[in-house]
Amino acid sequence: MTGPLGAGPLALPAAPLEDWLRERYFQAKTDISSSGVHNYTFGELRALDPALLGTQELDRLMFRDGPSLGDERLRAAVAARVRPGPGHVVMTTHGSSEALFLAFTALLRPGDEVVVATPAYHSLSALAAAAGAVLRPWPLRPENGFAPDLADLRAVLSGRTRLVVVNFPHNPSGACVDPQDRTELLDLVANSGAVLLWDGAFTDLVHDHPPLADPSQDLDRVLTFGTLSKAYGLPGLRVGWCVVPRGLASELVRIRDYLTLSLSPLVERVAAVAVEHADVLIAPRLAEARRNRQLVLEWAAASEGAVDCPVPRGGVTAFPRFTAHTDVTDPCERLLARHGVLVVPGRVFGHADRMRIGFSCPRPELERGLAAISEELGTGARGRRRRTE
């Protein structure tokens, strides 16, 4: 063997977010770092449909390989919820991360130009770079509260653009496009001739308007992605999906033949029940998150300028700036060491003076976390405990 390990054509850089969470996630006593709603147990899932997830039914489940595109029942449940456009099919995957890997691998060649809404979750940019693409950031500007400006998108689109990659609602800021801007965004991409990759991990977690319709309903050259990890509170199932043009599905399957082949039939059975009861799982967590969002905004307002927090329009994370600090990484380390509180330092998203705070957790846990941040960073905020009804 010659050369360093990891020096092959698909060598990937470290994922700073995962590096930060890898060990700390299991050390924290108070977790306000997560971008998803807080988790459900298997017992809570079984209560949704005891007949389908009961002991006798599971005892009859055969552990055979599954279909390459995924279990028919699960795919049908996803399709009934997402309502893909004509010419698109659902493929279930090991989280949306596998779907993204398959899509980038199938669609990109070295030198292709990829526009990425930035800051971005690492899979949305690093996979393209690893494929040899030229990245062109679409900047979501902090001075605008990270609200997407379509003029900035127009400025980076060109005749060489192969893919446009977006994540709305946005991680980590919670910024979103409204229905009117969604239409204009889709028109811009369609006129450019590029393919749109729409990461819809947080589609169901919106606060100011109904969830946006899946872009495949209006655009042919689009792949969309979803997951049970964020809105459903089921990250440990590792189940996601992509909505893909029918003609591209066989190419994704070809690549998958070298990776995972299929999902576990047990996992897909549980996932199907979850998607079939999606509203029962999502509604209470979303209502709790909206109440907690108000608590975070009140906490920031009480800091007298020490915490500048854009209003999250979707998702369950806030991305405030700490105006007296240029880099909050060390305070984030102390939050865990001294208080047992886990947050994500903004440097992993390229904004060292910010912190990602997850607000979909039991309210007492959020209150403890905010109070600890106030104490450790000296913001003057007191983690106000008045409950919002």
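Start with P119. Select the loop between β3 (113-118) and α6 (123-130), and you will find P119 there. This is a predicted model. The peptide bond from T118 to P119 is cis. Its omega is near 10°.

Next, go to P172. It sits in the loop between β5 (161-167) and α8 (179-192). Show N171 as well. The peptide bond from N171 to P172 is cis, with omega near 20°. Why stop at such bonds? Because most peptide bonds are trans.

**A loop residue with positive phi**

Select R83. Look for it in the loop between α4 (72-82) and β2 (88-93). Check its backbone: phi of R83 is near 55°. That is a positive value, and the residue is not a glycine. Most residues other than glycine have a negative phi.

Move to helix α1, residues 16-27. Show the side chains of D19 and R22, which both lie in this helix. They are three residues apart, about one turn of the helix. How far apart are the closest N and O atoms of D19 and R22? The distance is 2.7 Å, and the pair forms a salt bridge. For the whole model, the count comes to 21 salt bridges.

**Two helices side by side**

Colour helix α11 (residues 278-301) and helix α13 (residues 363-377). Look at how they pack. Their axes are 11 Å apart, and the angle is about 15°. Angles under 35 degrees count as roughly parallel, and α11 and α13 are therefore roughly parallel to each other. Turn the view to see the crossing: α11 passes α13 in a right-handed way.

Now show side chains where the two helices meet. On the α11 side, select R291, N292, L295, V296 and W299. On the α13 side, select R363, L366, E367, L370, I373 and S374. Which classes of residue make up the contact of α11 with α13? Six are nonpolar, two are polar and three are charged.

**The annotated span**

Colour the span by secondary structure.

How values were computed. Residues numbered from 1 in each chain as written. Predicted model: local features only at pLDDT ≥ 70, side-chain atom pairs only at ≥ 80, totals over all residues. Heavy atoms only, no water. Axes fitted to C-alpha atoms, helices over the stretch in contact; angles between N-to-C directions. Helix = DSSP H or I, 4+ residues; strand = E, 2+ residues; numbered from the N terminus. Parallel < 35°, antiparallel > 145°, perpendicular 65-115°, else oblique. Left-handed = near helix turned anticlockwise from the far one by under 90°. Contact = heavy atoms within 4.5 Å. Nonpolar A, V, L, I, M, F, W, Y, C, P; charged D, E, K, R; others polar. Salt bridge = Lys/Arg side-chain N within 4 Å of Asp/Glu carboxyl O.
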